[in-house]
Amino acid sequence: MVVGGRSKTLKTSVVCELAISLGSGTPFLGRFDSQQVPVGFWSGESGAATIRETAKRQAAAKGVDLAACSVFWSFDLPRLSQREHLDHLRATSERHGLKVWIVDPLYLALLSADTAGAASNLFAMGAALHPLSKLAQEAGVTLVVCIISARAGSPMKMSRLVWKS
């Protein structure tokens, strides 16, 4: 699943709501039914304090105890281009029985100084994403990634999720 949009369009708030909904088995956005499943939420942009405050507000609005939600929160993004980080992701997922992985934002977890220049190359990004996609399939989890689009457009098209200046 891809959650994409321009900067400051509440992508992190939406995936936080998704994590709490799935982790508590409550309706997503108050409208879409969900089943309770363990979720891993890796965030590297908004900061732990902001995410915690948002999660507390969202859980309170749902009438659920945030501590009782089956969500593993991490504010240390894995470096998805490094095998040892993928191995740690798998081990964390197995230890917590995770069924959904949320990575926010993808560019901070995926790109390195060597690959940042290739962000607009669909083929390069496909090759960079392949190990993560394969790992998620092997682990039997649903992968959710947040992507920032540099271009406006309505409605958002897949081509606009590729970073181009």
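This is a predicted model: local features need pLDDT of at least 70, side-chain atom pairs count only at pLDDT 80 or more; totals for chains, interfaces and linings use all residues.

**Stop one: helix H3**

Select residues 83-96. That's helix H3, with 14 residues. From its first C-alpha to its last it reaches 20 Å, close to the 20 Å expected at 1.5 Å a residue.

Now show side chains. Which residues of H3 are buried? Pick out Leu86, Leu89, Thr92 and Ser93: these are the ones. They sit on the same side of H3, because they cover an arc of only 120° around the axis.

Next, bring up what covers the buried residues of H3: it includes strands E2 (39-43), E3 (71-74) and E4 (100-104), along with helix H5 (122-139).

Before leaving, click on Gly97, which follows H3 and has a positive phi, near 65°.

**Stop two: the second largest pocket**

Select Lys8, Lys11, Thr12, Glu45 and Ser46. Of the 17 residues lining the second largest pocket, these lie nearest its centre. The pocket's volume is about 320 Å³.

Where does the lining come from? Colour helix H1 (11-24), helix H2 (48-62) and strand E5 (142-148), each of which supplies at least two residues. H1 gives the largest share, with four residues.

Finally, colour the lining by residue type: you'll get six nonpolar, seven polar and four charged residues.

How values were computed:
Residues are numbered from 1 along each chain as its sequence is written. Side-chain values use heavy atoms; hydrogens and water are left out. The expected span of a helix is 1.5 Å times one less than its number of residues. Buried means under 20% relative accessible area, exposed over 50%, partly exposed in between (1.4 Å probe, protein chains only). The arc is that of the directions from the helix axis to the C-beta atoms. Contact means heavy atoms within 4.5 Å. On a 1 Å grid over the protein atoms alone, a cavity is a set of points where a 1.4 Å probe fits but cannot get out, and a pocket is an open set with protein on both sides within 12 Å along at least five of seven lines; lining residues have an atom within 4 Å of a point. Grid points are joined across faces, edges and corners, and a volume is the space filled by probe spheres set on the points. Ala, Val, Leu, Ile, Met, Phe, Trp, Tyr, Cys and Pro count as nonpolar, Asp, Glu, Lys and Arg as charged, and the others, Gly among them, as polar.
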